[in-house]
Amino acid sequence: MRILVAGGAGFIGATLCKQLLLRGHTVVCVDSLQTGSALAIDRLRKFGGFSFIRQDIVQILDIGAVGTLDQVYNLACPASPRHYQKDPIKTIETNVIGTRNLLDLALQNGARFLLASTSEIYGSPERKPQREDYWGNVNTTGPRACYDEGKRCAEALVTAYRSQHQADTRIARIFNTYGPGMQRDDGRVISNFVTCLLDEKKIEIYGDGNQTRSFCYVDDMVDGLIALMASDCATPVNLGSDHEVSIMELACIVGRVIGKSVVITHCPALIDDPRERRPDLEKCRRVLGWQAITPLELGLRKTAAFFAKTQQAHVV
Ligand SMILES: NC(=O)c1ccc[n+]([C@@H]2O[C@H](COP(=O)([O-])OP(=O)(O)OC[C@H]3O[C@@H](n4cnc5c(N)ncnc54)[C@H](O)[C@@H]3O)[C@@H](O)[C@H]2O)c1
């Protein structure tokens, strides 16, 4: 199949491109490199069947004569608050105008379209675990609104294209994902903790550290995205891990995995940072037969090895 991956130079997107190439597909990656990595593109170029188009999805898409597309994945959007809050208007445009441009492209090609949505559409949830039929609790004017509401609007747009234009669509609600390929300085909790410990620095915890998250290893997430794209399920599906840990516990686990003692400093809690986050995964297990299989400690060990290797590469 010929598959377009928007955001394919990013953390999850690059792993998705690699998996699709390994399965024998032709992959066209469209990415502005706003947060994506040119190095990831160089690595992907080593596979036959890969091409890269540097393009902002907010602009009218000009992807030339790549041939008829069978599938379009839309992962193009900065995922880390540090990145998406730098230019909140752009974040909203990427989610709304960019998603619309890609939906039009999918329609023109008769291709199936998958939106990478997010657990953030549940906001600071009042229900736990979060099931797909929960409508969420989102602050429309807080610092995270550009991302949360941008993704909520993208979901509404995908649903409207489905009902109005009979677009063939899928919606993945991705929960916290980690693994090799993350950027050191993206401000996300796992990259922060691992790189601080490798650099023998103190770990900074926002608030009391009792807030919880559940972390899914990137290879598992990519398998879930591919399974959802292949499925008949047109309604939103949570993808992630339901192994919930507090941020304090996570710090201890990372310390144990890396073999360093953990020194913690507490910083003020972040505005609108959700207290709890755990998906209800009954639907993805039932509909996709998919679940995350990588234990947290194993995934963290692989992530730490990746950061240690890239740290040495920077030094050399
Ligand atoms: N990583 C997570 O934990 C997580 C959780 C929930 C949802 N998601 C979603 O998954 C997707 C991928 O996340 P990620 O962690 O790989 O993020 P990332 O920031 O590493 O990658 C995003 C990619 O999109 C590209 N991009 C951003 N804006 C663009 C634009 N206007 N035009 C073209 N390319 C653009 C970036 O250059 C980058 O390569 C995002 O849509 C994100 O919202 C991720």
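Entry 1: I started with the backbone: a polar backbone atom of isoleucine 12 lies 2.8 Å from an oxygen atom of the ligand. I keep in mind that this is a predicted model. Next I checked a side chain: aspartate 31 places a polar side-chain atom 2.5 Å from an oxygen atom of the ligand. On its own the ligand has 820 Å² of accessible area, and the protein covers 97% of it.

**Entry 2: the shell.** I found 31 residues around the ligand, of which Asp31, Thr35, Tyr147, Lys151 and Arg188 come nearest. By type, I noted 14 nonpolar, 12 polar and 5 charged residues. Which elements each supply at least two residues of the shell? I listed helix H1 (11-22), helix H4 (88-109), strand S5 (112-118) and helix H5 (145-165). S5 gives the most, with 3 residues.

**Entry 3: methionine 221.** I then moved to helix H7 (residues 218-230), where methionine 221 is found. Is methionine 221 buried or exposed? I put it down as buried, because its relative accessibility is 0%, and the cut-off for buried is under 20%. Leaving out residues up to four places away in sequence, I see methionine 221 touch Ile12, Ile174, Phe175, Thr177, Cys216, Leu239, Gly240 and Trp290. Ile12 was a welcome find in that list, as isoleucine 12 has the backbone atom 2.8 Å from a ligand oxygen. Last, I looked at methionine 221 and alanine 116: they are 105 residues apart in sequence, and their C-alpha atoms are 11 Å apart in space.

Conventions
Residues numbered from 1 in each chain as written. Predicted model: local features only at pLDDT ≥ 70, side-chain atom pairs only at ≥ 80, totals over all residues. Heavy atoms only, no water. Near = heavy atom within 4 Å. Polar contact = N/O pair within 3.5 Å; in protein donor to acceptor, adjacent residues only side chain to side chain. Areas by Shrake-Rupley, 256 points an atom, 1.4 Å probe, with all protein chains shown as cover. Helix = DSSP H or I, 4+ residues; strand = E, 2+ residues; numbered from the N terminus. Nonpolar A, V, L, I, M, F, W, Y, C, P; charged D, E, K, R; others polar. Buried < 20%, exposed > 50% of the residue type's maximum accessible area, 1.4 Å probe, protein only. Contact = heavy atoms within 4.5 Å.
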